[in-house]
Amino acid sequence: MTNAQRLDHVEDELETVKQLLVSTARYAESANRRLDELTLKQDRTQSQLDQIGGKVEQLSDKVDSFVTHTQRLFTRAGSEVEETKARTERLEALMLKLDRNFEEQKSQFQEFKITTGAALERIDRILDYLLRQQGGNPNPPS
């Protein structure tokens, strides 16, 4: 695999990580919006309780239903938060792996650069030698 292919591969992996991070951020924002909505619903319900004094039985049934629904949503939100945490941990592990791969490839590229530079210098010296040899020879080879 060439260095360009390796770099392309790393860029592809970084793009994947970027997409995962964007997806995770959207997911977290959605969970936060749902929690905000639940808070607003809970505030409205409390306001209704304060305004309605005579319909305690009906209100009690509504509150019970609301509490059940809220518990389900909080339970679901808690599961989503745990899932988000797990995804974040996987993303962190992937980022560490990508960092290690990048550093390794960078090191390999530096070694390649040094080796290639040395080889080019040697080729240059050989060409100079051959040109000097040819310069001394009145019949250059064809």
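Visitor: Is R87 buried, partly exposed or exposed?
Guide: This is a predicted model. The relative accessible area of R87 is 31%. Buried would need under 20%, and exposed over 50%. The value falls in between, so R87 is partly exposed.

Visitor: Which residue forms a salt bridge with R87?
Guide: The closest N and O atoms of the pair are 2.8 Å apart. A salt bridge requires such atoms within 4 Å. The partner of R87 is E83.

Visitor: What separates R87 and E83 along helix 2?
Guide: Both residues lie in helix 2. They are 4 residues apart. That spacing is about one helical turn.

Visitor: Is E83 buried or partly exposed?
Guide: E83 has 36% relative accessibility. The buried class ends under 20%, and the exposed class begins over 50%. E83 therefore counts as partly exposed.

Visitor: How many salt bridges does the count come to?
Guide: The rule asks for a side-chain nitrogen of Lys or Arg within 4 Å of a carboxyl oxygen of Asp or Glu. R87 with E83 is one of the pairs. By this rule the count is 4.

Visitor: Which residue forms a salt bridge with E80?
Guide: The closest N and O atoms are 2.7 Å apart. That is within the 4 Å limit. The partner of E80 is R34.

Visitor: E80 and R34 form a salt bridge; how many residues apart are they?
Guide: E80 and R34 are joined by a salt bridge. The pair links distant parts of the chain, with E80 in helix 2 and R34 in helix 1.

Visitor: Is E80 buried or exposed?
Guide: The relative accessible area of E80 is 12%. The cut-off for buried is under 20%. R34, at 32%, is partly exposed. E80, by contrast, is buried.

Visitor: At what N to O distance do K106 and E103 meet?
Guide: K106 and E103 both lie in helix 2, 3 residues apart, about one turn of the helix. K106 is partly exposed at 40%, and E103 is partly exposed at 42%. Their side chains meet in a salt bridge at 3.6 Å.

Visitor: Which backbone oxygen does the side chain of T45 reach?
Guide: T45 is found in helix 1. At 18% relative accessibility, T45 counts as buried. The side chain spans 2.9 Å to the backbone oxygen of K41.

Visitor: How far apart in space are Q110 and D36, C-alpha to C-alpha?
Guide: Q110 lies in helix 2, residues 56-136. Q110 is partly exposed, at 36%. In sequence, Q110 and D36 are 74 residues apart. In space, C-alpha to C-alpha, they are 52 Å apart.

Visitor: Which residues gather in a patch of negative charge on the surface?
Guide: Asp and Glu count as negative. The patch is made up of D8, E11, D12 and E15.

Visitor: What is the area of the nonpolar surface patch that includes L120?
Guide: L120 is found in helix 2. At 53% relative accessibility, L120 counts as exposed. The patch is made by L120, I123, I126, L127, Y129 and L130. Its area is about 580 Å².

Note on methods
Residues are numbered from 1 along each chain as its sequence is written. This is a predicted model: local features need pLDDT of at least 70, side-chain atom pairs count only at pLDDT 80 or more; totals for chains, interfaces and linings use all residues. Side-chain values use heavy atoms; hydrogens and water are left out. Patches are made of residues with over 30% relative accessible area and no salt bridge: like charges are joined within 9 Å, nonpolar side chains (Val, Leu, Ile, Met, Phe, Trp, Tyr) within 5 Å. Accessible areas come from the Shrake-Rupley method with a 1.4 Å probe; for residues, only the protein chains shown count as cover. The place of a charge is taken as NZ of Lys, CZ of Arg, CG of Asp or CD of Glu. Helices (H or I, at least four residues) and strands (E, at least two) are DSSP runs, numbered from the N terminus. Buried means under 20% relative accessible area, exposed over 50%, partly exposed in between (1.4 Å probe, protein chains only). A polar contact is a pair of N or O atoms within 3.5 Å; within protein, one must be able to donate a hydrogen and the other to accept it, and residues adjacent in sequence count only if both atoms are side-chain atoms.
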